[in-house]
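Let's take a walk through a protein structure together. Have a look at the sequence and the 3D view first, and then read on.

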Amino acid sequence: MAKNNVQYSKKQRRLVMQENIAAYLFLLPFLVFFVGFVLYPMFMCIYTSFFDATMGREDIFVGFENYKALFQDEVFWIALKNTMVIVLVSVPITCIFSLWVASAISKMPVAATSAFRCIFYLPVVTGSVAVTMVWKWMFNNYYGIFNYLGKDVLGILDKPINWLGDPKYALGCIILILLTTSVGQPIVLYVSALDNVDKSLVEAAEVDGATPKQAFWKIKWPQMMPTTLYILVITTINSFQCFALIQLLTSGGPKNSTMTIMYYIYYNAFKLYKYGYGNAMGVILAIIIAILSAIQFKAGQEK
Amino acid sequence: MKNFNRLDAEQRRARIYSVFSWILICVIAFTFLFPLYWIITGSFKTKQEILSSTPVWVPSDWVMTNYQNLMSKRSAPLFQLSAFGYTITGPTVPAAIRWLINTVVMSVSSMLLTCLTASMAGYALAKKRFYGRTILFSLIVCAMALPKQVILIPLLREMSALGLYDTIWAVIIPIVGWPFGVFLLKQFAEGIPTEMVEACRIDGASEWRTFTDVMFPMIKPGVGACAIFTFINSWNDYFMQLIMLMGTDKLTISVGIATMQGENSTDFGILMAGSALASVPIIIVFLVFQKYFTKGITMGAVKG
């Protein structure tokens, strides 16, 4: 690209032109999909949020009415609170747990490392529907394994608990399942980050008498900062996205105790056909995620 | 002397800690494997065993009734081809078979299309200098950071307007547009020395030949990672499938099983059989291509 002030000759300009055309031809197939089915919907999401939109009629412009209604909607605030609880509980636990597992299994023989890495990734591959079905069975209050363990084996419970039907426990159950399906990727990332740590620095520190603990926190941890940052961002996004679990297990109930923004968008769009309203919520969700990611990046860069 | 003792104690503590963490990891790994074990054994249990309040750890005799029930619940034509106004309809088969076929077709098409578009775009982003490159790249990164569910309503309306709603394309197209593959392959292509590409151009090869004969073979491991990643993710992309597909003969296996849940909410035998059908094939694919998959995950993270 023309960065300096040197005058290009005709031939040079033609070459630059050619390079541009070639580049865009290579990009074209992807751009068709990307612009048409990612960027355009994103734009439309913001645009439609200012309309009263539903099926089978023209959209009516309403300005900020959708947003106003949103802030007065009690269920929206409950959904926002539950989403925040899910994020604030699951993100730190996922990160700490996966760091611990990764550092423990990376010291093992290669075969054991990859076997464990595989096992912890399995719930992700199994797919959200299959995972949800089996957990639904395990949480069932008559035939579920949790009530059996709690009542007959450990004797903690004196009567079976309706785990998913009780507002006290439902959200906790959802978070537990979410945790098992979200640690896989961070573990893979941490194992490879631990592999890539500069070994000579660690050895030098050990020669100088550093304990393994010191070597870990003073040498390895700072080098893994970019990975940690990436993991924080993807885990946060993942927790916001948790949908199948809620749709298939509780549908937001009982008494909205597991209602999340993601599910509420779906509910508004596909049960009530309030497209504009749902889009306004999507915009708010995107803004929240953007702010959180920005904070995480800022914090990561300062360290 | 004192110093040595300190080290000794520390070493002993380190060893105890490592044994302790071994055991703990094994226990946790077991609990991670358990749901999968429960799906597979559950799908072979009799109704009494499934509905007993004391769990039956291993089915006493492995019965196929759950699979038979699953297969007899709903049916759909094996395939439907229409061209020039004629429609050829295949023989009627259990819907679950059709759902599996749909899922495979959908995942394979998304995989092939993504690999093709992403390898070309990744190459251009990594090795070409063109106007708008920085803007395009930042758009890609921003799009990746947003949950794609945010755009579900506009996407649904767009698909209806294009007449693609309730077709397999409504699921495939958003996957191909999702920029993760481009991002991954751009990282890969950046690792290839630019001299290779230039030398090829100087020798008189066309742009296209430079790509197919020089660039593509060298980013093959990256393409493999992208392929397996896209395949597994589109197989499990329940959300998009749920929204875009309606008709019994159009569903994928995940959505199919999910709709069966609505009808037989406590017949866990059928649900486990369906879950096994949905998950075992993809788990096998994952185990076979595990190495590429891991590479895909870690490569995509290099620059976050």
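Predicted model: local features only at pLDDT ≥ 70, side-chain atom pairs only at ≥ 80, totals over all residues.

Residues are numbered from 1 along each chain as its sequence is written, chains are lettered from A and ligands numbered from 1 in the order in which they are written, and side-chain values use heavy atoms, with hydrogens and water left out.

Let's begin where the two chains meet. The size of an interface is often given as the accessible area lost when the parts come together. Between chain B and chain A, the buried area (the accessible area, found with a 1.4 Å probe, that two parts lose on being put together, summed over both) is about 8,500 Å², and carbon and sulfur atoms give 79% of this. Chain B brings 96 residues to the contact and chain A brings 90, where contact means heavy atoms within 4.5 Å.

How many salt bridges are there between chain B and chain A? The count is two, a salt bridge being a side-chain nitrogen of Lys or Arg within 4 Å of a carboxyl oxygen of Asp or Glu. A:Glu19 and B:Lys128 form a salt bridge through their side chains, at 3.9 Å from N to O. On the side of chain B that touches chain A, helix H1 (residues 2-42) gives the most, with 18 residues. Helices here are DSSP runs (H or I, at least four residues), numbered from the N terminus.

Now stay within chain B, which is divided into domain 1 (2-42) and domain 2 (95-301); such bounds come from an automatic or database domain assignment. The centres of these two domains of chain B, taken over C-alpha atoms, are 37 Å apart. Five residues of domain 1 of chain B touch six residues of domain 2 of chain B. About 380 Å² is buried between domain 1 and domain 2 of chain B, with 85% from carbon and sulfur atoms. On the domain 1 side, B:Leu36, B:Ile39 and B:Gly42 lose the most area, together 81% of what that side buries. Across this interface of domain 1 and domain 2 of chain B, the rule finds zero salt bridges.

Next, some single residues. B:Met240 sits in helix H12 (residues 238-244) of chain B. Is B:Met240 buried or exposed? B:Met240 counts as buried because its relative accessibility is 4%, and buried means under 20% relative accessible area, exposed over 50%, and partly exposed in between (1.4 Å probe, protein chains only). Not counting residues up to four places away in sequence, B:Met240 touches B:Lys148, B:Leu155, B:Val171 and B:Pro174.

B:Cys200 belongs to helix H9 (residues 194-202) of chain B and is buried, at 15%. Leaving aside neighbours within four places in sequence, B:Cys200 is in contact with B:Ala205, B:Thr210 and B:Val214.

Finally, visit two loops. A:Asn256, in the loop between helix H12 (244-249) and helix H13 (261-270) of chain A, has a positive phi of about 60° although it is not a glycine. B:Asp166, in the loop between helix H6 (152-161) and helix H7 (169-177) of chain B, has a positive phi of about 65°, and it is not a glycine either. A:Asn256 is partly exposed, at 24%, whereas B:Asp166 counts as buried, at 18%.
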